[in-house]
Amino acid sequence: MDTKSKPAALTQDPHALREPKENNLEIAIGHEVRALRKKLGITISDLASATGISMGMLSKIENGVTSPSLTSLQALASALGVPVTDFFRRYEEPRNAVFVKSGEGVAIERRGTRAGHEYNLLGHIDNNTSGVVVEPYLLTLTEESSSFPAFQHEGMEFIYMLEGEVRYRHGDQLYYMKEGDSLFFDADARHGPEELLSFPIRYLSIICYPARG
């Protein structure tokens, strides 16, 4: 992307305050009802017929506007083929955080390790609520490392140079990168450091891809 062009408007406000957790119960239930209904490929009208709950009430439940009764939850669970407890799954999921002190990242063997690329995983959260897997790495390359512009994997990747200089390939483009430079790209194209110019080389690599259900 041209660094001078502006990205499309982002819809999420990172500073927006959410309602207290107890007020999110209806939203969590509604999210699960809608997700299960769509997974089965049925309409609100179909679900209304199967449960005896009006379409208007179902719409309110799915949008988290109202708190469904236990009788309604039991009817929904029966129609959707799940236990009632499934509706509370998102509400009860823990929101985790991982803190890694300097120098304590976990050394990982990945494609490129044999070329002398040292990977340190800086954190990993299983079963998060976003539906996205994020792998943050600190990469270190030395004079003993080899160039390796042949990475290719699913998802998106963001790299940020901390130290050193490289010529980094993405597809048929080469980018000269030094401290403070960053690159954000579709990781399905061949990519990686093609020329190692100034040592030591250290950069953050953050890989994101959909969680596998």
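Where pLDDT is low, the predicted coordinates should not be read in detail. The chain as a whole averages 84, with 79% of the residues at 70 or above. This is a predicted model, so local features need pLDDT of at least 70 and side-chain atom pairs count only at 80 or more, while totals for chains, interfaces and linings use all residues. Residues are numbered from 1 along each chain as its sequence is written, and side-chain values use heavy atoms, with hydrogens and water left out.

Next comes helix 1, residues 25-40; helices (H or I, at least four residues) and strands (E, at least two) are DSSP runs, numbered from the N terminus. Its buried residues include Ile-29, Val-33 and Leu-36, where buried means under 20% relative accessible area, exposed over 50% and partly exposed in between (1.4 Å probe, protein chains only). Just past the helix, Gly-41 has a positive phi of about 75°.

Five salt bridges turn up in the whole structure, each a side-chain nitrogen of Lys or Arg within 4 Å of a carboxyl oxygen of Asp or Glu. One of them pairs Glu-62 with Arg-34 at 3.6 Å, N to O, linking helix 3 to helix 1 across 28 residues. Glu-62 counts as buried at 4% relative accessibility, whereas Arg-34 is partly exposed at 23%. In another, Arg-169 meets Glu-194 with the closest N and O atoms 2.4 Å apart; Arg-169 lies in strand 4 and Glu-194 in strand 7, so this pair ties together parts 25 residues apart in sequence.

Notes:
Expected span 1.5 Å × (residues − 1). pLDDT = per-residue confidence, 0-100.
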